[in-house]
Every structure is written in structure tokens, then in C-alpha cells.
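Reader: I am new to this structure and would like to learn how its features are read. Could we go through them one at a time?

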Amino acid sequence: MDTSYPREDYPSHKREPSPTACASPPPRDHLIWSLFNTIYMNFCCLGFVALAFSIKARDRKVSGDVEAARRFSSKARCYNALATAGSVVLPLLLAALVVTGVLHLSKLAHESVGFFTYQFSGSDDEDN
């Protein structure tokens, strides 16, 4: 008999997962996406809010509260989508507005060239 280390005589208190938790995969916490949005695309601090919900989702998943983890994961995904859309769509919209503004101003300037030009050569009927 090996007595080099103490043995436990009582059973371990390992938590058994519920049958519904085994049927569905654990919720994703979207932590990497949240970190990316927080560092690079923090539009109106939505990336930071998404990071907070991602950390809450991971904590709930580790503690075994799958339903709360699923709720926090859903909120983190929503805030991440808003932060990504806001950080990608708004600059594209701004660039489109600048381009259309420049095109409109160039067209306006081209049309007004005739108004501001004056021809000095021509008939001198007014002098006679």
C-alpha cells in the first residue's frame, strides 16, 4: 500500500451539470470581439459596455449559471454589433457625404465660370 501522500476518503463535491445544459452548447462570451471593439472601435463607449457584458457572461458561465450567461452573452453580442456598425458605417457615410459635397461644389464652380468671366475683346459699338 502506497502511503506517500494523503488520500481523501470522502467523495468530491463536483457539481453535476443539469440535463438541459448538456443538450445545448454553452453560450459564447464574445470576449475577443469585445476587446477588439474596446481597443480599436470604441464608438460612443459601446465597445467598453460590450466588454463588461462579455466578462459578466464568462463569469456566469464559469459559475454554472447558464441562463444568466446566455442573457449577458446576448447583450454583449448586441453591443458589439452596434459598436462595429457604428465604427464602420459612420465613417463610410461621412466619406460619401464629403465626396458628394466636393462633386456638387465642383459642378457649381464649373457652371459659374461663365458668370464670372468677362470678355474684353468684341465689338466696340458702345464707343461710337
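**Loops, a helix and a charged patch**

Author: Let us begin with histidine 30, which in this predicted model has its place in the loop between helix H1 (19-23) and H2. Its phi is near 55°, a positive value in a residue other than glycine.

Reader: Is histidine 30 buried or exposed?

Author: Buried means under 20% relative accessible area, and because histidine 30 has a relative accessible area of 12%, it is buried.

Reader: Which loop holds cysteine 45, and what is its phi?

Author: Cysteine 45 is found in the loop between H2 and H3, and its phi, near 60°, is again a positive value in a residue other than glycine. With 48% relative accessibility, cysteine 45 counts as partly exposed.

Reader: Which residues of helix H2 are buried?

Author: In helix H2, which spans residues 31-39, the buried residues are Leu31, Ser34 and Asn37. They cover an arc of only 125° around the axis, and therefore lie on the same side of H2. The face turned away from that buried side carries Ile32 and Ile39, which are exposed.

Reader: Which residues gather in the patch of positive charge on the surface, and which helices supply them?

Author: The patch is made up of Lys56, Arg60, Arg71 and Lys75, and at least two of its residues come from each of helix H3 (46-63) and helix H4 (66-116). Arginine 60, for its part, is found in helix H3 and is partly exposed, with a relative accessible area of 38%.

How values were computed
Residues numbered from 1 in each chain as written. Predicted model: local features only at pLDDT ≥ 70, side-chain atom pairs only at ≥ 80, totals over all residues. Heavy atoms only, no water. Patch = residues over 30% accessible without salt bridge, like charges linked within 9 Å, V, L, I, M, F, W, Y side chains within 5 Å. Areas by Shrake-Rupley, 256 points an atom, 1.4 Å probe, with all protein chains shown as cover. Salt bridge = Lys/Arg side-chain N within 4 Å of Asp/Glu carboxyl O. Lys, Arg positive; Asp, Glu negative; His and termini not counted. Charge placed at Lys NZ, Arg CZ, Asp CG, Glu CD. Helix = DSSP H or I, 4+ residues; strand = E, 2+ residues; numbered from the N terminus. Buried < 20%, exposed > 50% of the residue type's maximum accessible area, 1.4 Å probe, protein only. Arc of directions from axis to C-beta.
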